[in-house]
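Student: Could you go through this model with me? I'll jump around a bit.

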Amino acid sequence: MASKRRIMFDPRSFLARVAEGRMVVRYHKGQAIFSQGDPADSIFYIEEGQAKVAVVSEQGKEAVVAILGAGEFFGEACLAGQHQRMETVTALQDTAVLRLERSAIIRLIHNDPAFSEMFIAHLVERTIRVEADLIDHIFNSSEKRLARLLLLLAHFGKDDSAEPIIARISQETLAEMVGTTRSRVSFFMNKFRRLGFIEYNGSIRVHSSLLNVVLHEGDKTGR
C-alpha cells in the first residue's frame, strides 16, 4: 500500500502549490545549477531535463557521480547541516528545476505526511543506489559497470519497460562514471551494439538483453 501511495503522489503538482520559498529556474545545456563550494541553503527538484553531478579534486580531476532526470531531487545534504556544496551540478540539456529553500522543505516534511513519506522514500532509494554503486566499483569489471550504468540511465525495471536515453551522453562522461578510459567505453559500446544489446547513434536505446552482461561472468557476452 505504501508503494501505491508514493506512485499516486505527484510531487510536481504538490510542489507547485507551495506558497513560499519556491522558484522555478531554467538552465541551458552546460550551465551550472550550483558549484562546489557554493552555500548549501536549498533543495532542487528537476521538472524537465537532465543534470550531471560531479566532484572535482584539488588536482582538478573530475569524477561524475550521478546523472539525474525529471522527477528527482538533489541538494538534500543541506538538511543534514551541510553548509557548502560538495559537488557541482550541471545541466546536460535545457533543464527546468524547482528551487526550494531549506526552510520550505522542513515545513513540508513536518506538516504534510504524504510529502514526508515520498521524500523519505527518495532518500532511502538514493542511499541504496550509492551503496550499490560502491559495491559495483569494488567488485565488478568495467564492462559490467558500464552495462549496469546504461540500464540505470534507461530506467530499466521501472514501469516494466526500458526507456531510450533521450539526452546525448558523451563517452567521456560515461567513462568518468564507470571509472575507466574513453577508449574502453568505446570498445564496450561497440561490442554491446554488435551483440544487439543497445542501439547507439548519438542517443542510446537499451534492450533488456544487456542484462546478460550484468548477470553473467566470464565469456558469456562474446568477449
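Student: How do strand E4 and strand E7 pair, and over how many bridges?

Tutor: E4 covers residues 50–56 and E7 covers residues 88–91, and they pair in the antiparallel sense over 4 bridges. Val53 faces Val89 of E7 across that pairing. Strands here are DSSP runs of E with at least two residues, helices are runs of H or I with at least four, and both are numbered from the N terminus. Two strands count as paired if DSSP finds at least two bridges between them.

Student: And what should I know about the model itself?

Tutor: It is a predicted model, where local features need pLDDT of at least 70 and side-chain atom pairs count only at pLDDT 80 or more, while totals for chains, interfaces and linings use all residues. Residues are numbered from 1 along each chain as its sequence is written, and side-chain values use heavy atoms, with hydrogens and water left out.

Student: Back to the strands. What is the order of the 4 strands in the open sheet?

Tutor: The order is E2-E7-E4-E5, with antiparallel pairing. E2 (32–34) and E5 (62–69) are the edge strands with a single partner each, so one side of each has no neighbour in the sheet. On average, neighbouring strands are turned by 30° against each other, direction ignored. Angles come from axes fitted as lines to C-alpha atoms, for helices over the stretch in contact, and run from 0 to 180 degrees between N-to-C directions.

Student: Is E4 mostly covered or mostly open?

Tutor: Mostly covered, with 5 of its 7 residues buried. Buried means under 20% relative accessible area, exposed means over 50%, and partly exposed is in between (1.4 Å probe, protein chains only).

Student: Which helix lies across E4 and E5?

Tutor: That's H6, residues 171–178, running at about 105° to E5. The rest of the structure largely encloses H6, because 6 of its 8 residues are buried. They are Gln171, Thr173, Leu174, Ala175, Met177 and Val178.

Student: What do those buried residues of H6 pack against?

Tutor: They pack against E4, E5, H4, H5, helix H7 (182–194) and strand E9 (198–201). A contact here means heavy atoms within 4.5 Å. Gly179 follows H6, and its phi is positive, near 85°.

Student: New topic. How many salt bridges does a search of the whole structure find?

Tutor: It finds 9, each being a side-chain nitrogen of Lys or Arg within 4 Å of a carboxyl oxygen of Asp or Glu. In one of them, Lys52 meets Glu62 at 3.5 Å, N to O. Lys52 is in E4 and Glu62 in E5, so to speak a link between distant parts of the chain, 10 residues apart.

Student: Why does Lys52 count as buried?

Tutor: Because its relative accessibility is 15%. Glu62 is partly exposed, with a relative accessible area of 31%.

Student: Where does Arg148 find a salt bridge partner?

Tutor: At Asp136, with the closest N and O atoms 3.6 Å apart. Arg148 is in helix H5 (residues 142–153) and Asp136 in helix H4, 12 residues apart. Both Arg148 and Asp136 are buried. Through shared partners, salt bridges join Arg129, Asp133, Asp136 and Arg148 into one network.

Student: Last one: which residues form the nonpolar patch on the surface?

Tutor: Leu134, Ile135, Ile138 and Phe139, with about 470 Å² of accessible area together. Ile138 belongs to helix H4 (residues 113–139) and is exposed, at a relative accessible area of 55%. Patch residues have over 30% relative accessible area and no salt bridge; like charges are joined within 9 Å, and nonpolar side chains (Val, Leu, Ile, Met, Phe, Trp, Tyr) within 5 Å. The areas come from the Shrake-Rupley method with a 1.4 Å probe, and for residues only the protein chains shown count as cover.
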